[in-house]
Amino acid sequence: MSKYLAGRLLQTVPTVFLVTVAVFLMLHLTPGDPAEVFLGDKRSSPELLEKVREDMGLNRPLHVQYLSYMGNALRGDLGRSLQTNVPVMEQILNRLPWTIELAAAALMIAAFIGISVGIIAALYHNTVIDTLAMALALVGISMPVYWSSLLLILLFAVQLRILPAIGQGGIERLILPAAALALVSAGSLARMVRSSMLEVLNQDFVLTARAKGISERLVVIRHVLRNALIPVVTVLGLMLGNMLSGAVITETIFARLGIGQKYVEAVLQKDFTMVQGTTLFIALMYVFVNIVVDIVYAFIDPRIRYV
């Protein structure tokens with residue numbers, strides 16, 4: 001396992017390098033001048049602009065700026081916001097708990113709905129129940145997050161008035177955004193669970209268990225589910241990474257103070273350093289989640305041997 005872990009970490013080095021290069025170039029390829037954004041609406045003379053660019057290091061060669069940026073990033077310094085002059089990392093860490101809360105809740109909802117619907121569809125294969133379950137899954141997959149968010153707000157907040165539409169603070173304010181973020185993942189998960197269940201149901205060891213007189217319920221729980229849900233672990237990990245990045249839309253619509261909402265604010269305000277730091281942070285979190293998923297997968301499936 002230690003060899004696999006070391007190899008897996010080495011494999012992420014090229015990915016992390018490309019991510020840092022892409023994020024760094026955002027600052028230089030995006031239209032606009034960070035120095036002008038920093039000065040705001042002040043009537044800036046060329047001398048003052050040049051002074052600010054020098055203080056920000058924007059007049060140095062590109063490779064020197066990159067090395068300086070990476071050196072600071074390795075120390076946890078992602079720069080300061082051009083709008084608030086507050087360290088970017090400090091703002092990200094302040095907002096991170098809210099985003100994790102939303103992503104975790106959405107993942108639990110997606111897992112519960114997706115796995116349940118997938119199991120039911122597989123057990124009632126080629127029946128009306130199977131067709132209806134897969135139709136609902138297809139609707140979930142086809143519905144964009146912003147559209148499902150608006151529909152949930154219209155139904156539960158405007159028409160029924162049983163849940164608040166915006167803000168945060170209690171579980172009642174978490175249900176709608178988490179459900180909106182979970183619907184697409186739940187549909188994809190249901191289809192995968194169904195396919196995996198049907199594949200395992202036809203395996204010889206399942207037929208042998210049935211031949212021994214074991215009840216259908218125990219066959220499904222002990223043999224089918226245990227093997228069919230192994231690939232789902234990987235998908236759940238990827239879904240968590242997608243939800244962390246997908247929270248950008250959901251947090252904006254539901255006015256939640258997470259990383260996603262802060263990211264949108266930074267884009268609208270042309271806060272280049274905030275956009276740059278947030279993008280890098282989310283990308284590295286996605287890479288980290290994938291590594292954790294691979295390690296968990298190795299523990300769950302004894303058939304897999306990493307050497």
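On a 1 Å grid over the protein atoms alone, a cavity is a set of points where a 1.4 Å probe fits but cannot get out. The model shown is predicted, with local features needing pLDDT of at least 70 and side-chain atom pairs counting only at pLDDT 80 or more, while totals for chains, interfaces and linings use all residues. Residues are numbered from 1 along each chain as its sequence is written, and side-chain values use heavy atoms, with hydrogens and water left out.

View 1. One cavity of 30 Å³ or more is present in the structure, and the largest cavity holds about 60 Å³, a volume being the space filled by probe spheres set on grid points that are joined across faces, edges and corners.

**View 2. The lining of the largest cavity.** Thr99, Gly241, Leu244, Ile259, Gly260, Ile282, Met285 and Tyr286 line this cavity, lining residues being those with an atom within 4 Å of a point. At least two lining residues come from each of helix 11 (230-253), helix 12 (259-268) and helix 13 (272-300), where helices are DSSP runs (H or I, at least four residues) numbered from the N terminus. Helix 13 gives the largest share, three residues.

**View 3. Helix 5 and its bend.** Helix 5 bends by about 40° at leucine 96, with proline 97 following within four residues; the bend is the angle between axes fitted to the seven residues ending there and the seven starting there. The end C-alpha atoms of helix 5 (residues 88-123) lie 50 Å apart, which agrees with the 52 Å that its 36 residues should span at 1.5 Å a residue, the expected span being 1.5 Å times one less than the number of residues.

Note on methods
1 Å grid on protein atoms, 1.4 Å probe; cavity = no way out; pocket = protein on both sides within 12 Å on 5 of 7 lines; lining within 4 Å.
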